[in-house]
Amino acid sequence: MASTARGASPDLRRARRSEALAGYAMIALPLFLFLVLQIGTVFYAVWISLWRWNVRSGPELFKGLGNYATALADPVFQRAVQNTIYYAVVWVPLTMAIGLFLAIIVNQKVRGQAFFRGAYYLPAIASSAAITVLWIFIVAPDGLFNSVRAVLPFDPLMTLFGYGPNQDWMGDETTALDSVIILNAWTTSATFMLFYLASLQSISGTVYEAAAIDGANAWQTFTKITFPLLRPGHYFVATVAVIGALQLFDQVAIAGGSAGAPNNALMTVVLYLYNAAFTQFNFGYAAAVGVILFVVIFAATLVQRRLFGGAPSW
Amino acid sequence: MVSEEPATPTLPSLAAVRSGESAQGIPVARSRWPRRLAYAFLIGYAILMFTPFAWSLITSFKTLPDSVTLNIIPDPFTTDAYRYLFTELDPPLPRLFLNSAIIAGAVTLTNVVLGSIAGYAFARLHFRFREVLFLLVLASLMIPDQLRLVPVYLILNTLGLTKGVAQYGGVILVLAISATSIFLMRQYFLSIPREIEEAARIDGAGYFSTFWRVMLPLAGPALAAVAILQFQGTWNGYFWPYVILQDPNQYTVPVALSFFRLAGGFLTNWPPLMAMVVLATIPILVLYLFFQRYFVEGIAASGVKA
């Protein structure tokens, strides 16, 4: 802009300057908030993480990378990392698959298409707190899930896997995290369905016509055309999913409290961070955990960008 | 955006079935089955989606012993759970809803106002570093809230926004403007033909009045999408209210719900818990029923990075 303005008449230059001033004025407040509360906090967090930091008086003792070393050596933190990775590895593909499947189903020309889309998105509109409490009730020892499987002939199969008729899905440390995975797959697949729908509709109909002329069946059409052409959609959904998975907090905090009960089965990196900050008031340490999380999320995003390539511009 | 009907491409199998022809143009009777199967799945899954919500509603009218049975009709039918919520809670239930409404309302307002003004500037006005600054805004989407937790809390603490009624201000300030709001508004303004604006400019209108009188009235759908996304997101929000609101009198509904669950006596007292789930969800459900289009389009548009 500036180079073209240089040779212009004074009038035009004045007009351009006033336009620029108007532009800066219009973005000033949001930009200030972004600089202070978003971008700035990254640097502030790194700074805090190098100290033993008192909530009231600020920095107390310079620890260098000491907080990081302590975190990496703590068995509870290791457990939190392990749980978070397990959650991400199972939940992300599961939820993406369900979301894609739902998107393809509701994208068909069927009667009541709008109704089905509306109904399928329903689980995503409730708050995480409400849906988690509801889920805890459903999978409680005497809850709906156990009652229904007692009525339906599922029990022998469940017993085979070692689950009694009154299995406490959320309270048993072997099933607690899997219960949270299913809860979040259920609710978030609805959102992914919408992302995939938008992506599906960007695929030109002529591609399908060509496939139909070549005599491709539905499965071939899906594996050879739809799935590969959804690449930008996969990339976006996978990125959002991994970032979300690594930040798992609401559901585990509501189900297991700040202790990650039962027996750290629901301890995640973010819950660990929250505890460091607000039950131990160890702010420097909490900041270090936050920086570790940020680095991991950033690295995961870069890896995905590499894997899927051709990333949409953000 | 998710557009309705005509432009929607479909998989050929079902599209062909619909017209009664196979891909080769030969009518085949057996291909009615995939269609029936699809309907069976569609309906079955819809029922599965409704069941948990229906179950919470049914349970909220039950007594505690009845709540762990499979009775579909409460036996006996009772509104005790709701009475319990309205009389026994401290802080009282209306206060919790007021807290949620204040925070969600304020955050919606700031996002609509700041988002539309900044979105317009990023879409239409020329100034140096525009693209860099816009990227800076979008970069904030990469920063996890949890990394910000400690620094943001310390900043709010310094500003005195972590005590008493000022805690509202703390939550509102943190959520005041999201990159998504600016992004959605910018994309919409980019789609409005330039001629409309230029006509106003020739008439001598200033930049702000062009925005206010000409562009903003045209941006209704985008404003609605931003407002609804923000209201829903903030009403349902958990992390920031949970962290910043230390005084129970300032709790929002979701935060209160999670604390009541862990509080003694409430742990497995299902009817009142389910009644609270129902009440917490109703405002958003009503919003969803009336403005479903904006939910769907807003979410989809925030996913399609144009």
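**Predicted model of chains A and B**

Among the elements of chain B, helix α1 (residues 12-18) of chain B has the lowest mean pLDDT, 34, whereas helix α5 (residues 93-124) of chain B has the highest, 95. Chain B as a whole has a mean pLDDT of 83, with 86% of its residues reaching 70 or more. For chain A the average pLDDT is 87, and 96% of the residues score at least 70; the pLDDT stays under 50 over residues 1-5 of chain A, a stretch with five contacts beyond four places in sequence. The scores of the model are ipTM 0.86 and pTM 0.87.

Chain A contains 15 helices and two strands, while chain B contains 15 helices and zero strands. Of the 314 residues in chain A, 43% are buried, and of the 306 residues of chain B, 45% count as buried. In chain A, 68% of the contacts between residues at least 6 apart in sequence join residues at least 24 apart; in chain B, residues 24 or more positions apart account for 72% of the contacts with a separation of 6 or more.

Between the two chains, 86 residues of chain A are in contact with 87 residues of chain B. On the side of chain A that touches chain B, helix α2 (residues 10-48) of chain A gives the most, with 20 residues, and by class this side has 63 nonpolar, 18 polar and five charged residues. One packing of helices across the two chains involves helix α14 (residues 269-278) of chain A and helix α7 (residues 145-158) of chain B, whose axes lie 10 Å apart at an angle of about 5°. Because angles under 35 degrees count as roughly parallel, α14(A) and α7(B) are described as roughly parallel to each other. The residues that make this contact are A:V270, A:L273 and A:A277 on α14(A), together with B:Q146, B:L149 and B:V150 on α7(B), and by class they comprise five nonpolar, one polar and no charged residues.

Helix α8 (residues 166-175) of chain B is mostly covered, with seven of its ten residues buried. These buried residues are B:Q167, B:G170, B:V171, B:I172, B:L173, B:V174 and B:L175, and they pack against α2 of chain A as well as against α5, α7, α12 (220-236) and α13 (239-244) of chain B.

Several features of the backbone are found in loops. Most residues other than glycine have a negative phi, and most peptide bonds are trans. A cis peptide bond, with omega about 0°, joins A:A261 and A:P262, and A:P262 lies in the loop between α13 (250-256) and α14 of chain A. The loop between α13 and α14 of chain A also holds A:N263, which has a positive phi of about 45° although it is not a glycine, and A:N264, whose phi is near 65°, again a positive value in a residue other than glycine. With 13 other C-beta atoms within 10 Å, A:N263 is partly exposed, whereas A:N264, which has 20 C-beta neighbours inside 10 Å, counts as buried. In chain B, the peptide bond from B:D75 to B:P76 is cis, with omega near 0°, and B:P76 is found in the loop between α3 (64-67) and α4 (80-88) of chain B.

A further residue of chain A, A:R149, has its place in helix α7 (residues 144-151) of chain A. A:R149 counts as partly exposed because it has 16 C-beta neighbours inside 10 Å. Leaving aside neighbours within four places in sequence, A:R149 is in contact with A:F154, A:D155 and A:M158.

Conventions:
Residues are numbered from 1 along each chain as its sequence is written. Chains are lettered from A and ligands numbered from 1 in the order in which they are written. This is a predicted model: local features need pLDDT of at least 70, side-chain atom pairs count only at pLDDT 80 or more; totals for chains, interfaces and linings use all residues. Helices (H or I, at least four residues) and strands (E, at least two) are DSSP runs, numbered from the N terminus. A residue is buried if 20 or more other C-beta atoms lie within 10 Å of its own, exposed if 12 or fewer, and partly exposed in between; C-beta atoms are placed from the backbone. Two residues are in contact if their C-beta atoms, placed from the backbone, lie within 7 Å. Ala, Val, Leu, Ile, Met, Phe, Trp, Tyr, Cys and Pro count as nonpolar, Asp, Glu, Lys and Arg as charged, and the others, Gly among them, as polar. Axes are lines fitted to C-alpha atoms, for helices over the stretch in contact, and angles run from 0 to 180 degrees between N-to-C directions. Angles under 35 degrees count as roughly parallel, over 145 as roughly antiparallel, 65 to 115 as roughly perpendicular and the rest as oblique. pLDDT is the predictor's confidence in each residue, from 0 to 100.
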